[in-house]
Amino acid sequence: MVELSQIMTTVTGNTIGYNPVSISEFADIYRSEGDGDELASMYKAAAMGLMNDVTNDFQHITGHDPQNMKDFLISNYQPTH
């Protein structure tokens, strides 16, 4: 999450911070959007280092090469004014 906040700061030109929260707090933050538990499980997995490995799963499922987060954001971020 720290690395993601740094990438988002670079891409957006705005300072994006990160303040750690518990898994249940994270779920509560996103619960109103309907995916709090799902996102919290990914937050927990990342905290445990389970998202550090790169696999070919995305390519296998979609037929497209994966893109790192920085490149994805550079290609898709559109600032609102």
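Modeller: A residue counts as buried when its relative accessible area is under 20%. In this structure, which is a predicted model, buried residues make up 12% of the 81 residues in the protein.

Colleague: How many helices and strands does the protein have?

Modeller: Five helices and zero strands. Read from the N terminus, the order of elements is α-α-α-α-α. The C-alpha trace spans about 35 × 35 × 25 Å along its principal axes.

Colleague: Among contacts between residues at least 6 apart in sequence, what share joins residues at least 24 apart?

Modeller: For this protein the share is 30%.

Colleague: Let us take one residue. Is Ala-27 buried or exposed?

Modeller: The test is whether the relative accessible area falls under 20%. Ala-27 is buried because its value is 4%. Ala-27 belongs to helix H2, which covers residues 23–31.

Colleague: Which residues does Ala-27 contact, leaving aside neighbours within four places in sequence?

Modeller: With those neighbours set aside, Ala-27 is in contact with Gly-36, Asp-37 and Ala-40. Take Ala-40: 13 residues separate it from Ala-27 in sequence, while the C-alpha to C-alpha distance is 5.0 Å.

Colleague: Now the charged side chains. How many salt bridges are there?

Modeller: A salt bridge here needs a side-chain nitrogen of Lys or Arg within 4 Å of a carboxyl oxygen of Asp or Glu. The count comes to two. In one, Asp-28 pairs with Arg-31, with the closest N and O atoms 3.1 Å apart. Both of these residues lie in helix H2, three residues apart, about one turn of the helix. In the other, Asp-37 pairs with Arg-31, and the closest N and O atoms are 3.2 Å apart. Shared partners join Asp-28, Arg-31 and Asp-37 into one network.

Colleague: Why does Asp-37 count as exposed, and what class does Asp-28 fall in?

Modeller: Exposed means over 50% relative accessibility, and partly exposed lies between that and the buried limit. Asp-37 has 55%, so it counts as exposed. Asp-28, at 49%, is partly exposed, and Arg-31, at 40%, is partly exposed too.

Colleague: How does the lining of the largest pocket divide by class?

Modeller: The lining has 22 nonpolar residues, seven polar ones and four charged ones. Met counts as nonpolar in this scheme, and three of the residues named at the centre, Met-1, Met-51 and Met-69, are of that type.

Key: Residues numbered from 1 in each chain as written. Predicted model: local features only at pLDDT ≥ 70, side-chain atom pairs only at ≥ 80, totals over all residues. Heavy atoms only, no water. Helix = DSSP H or I, 4+ residues; strand = E, 2+ residues; numbered from the N terminus. Buried < 20%, exposed > 50% of the residue type's maximum accessible area, 1.4 Å probe, protein only. Contact = heavy atoms within 4.5 Å. 1 Å grid on protein atoms, 1.4 Å probe; cavity = no way out; pocket = protein on both sides within 12 Å on 5 of 7 lines; lining within 4 Å.
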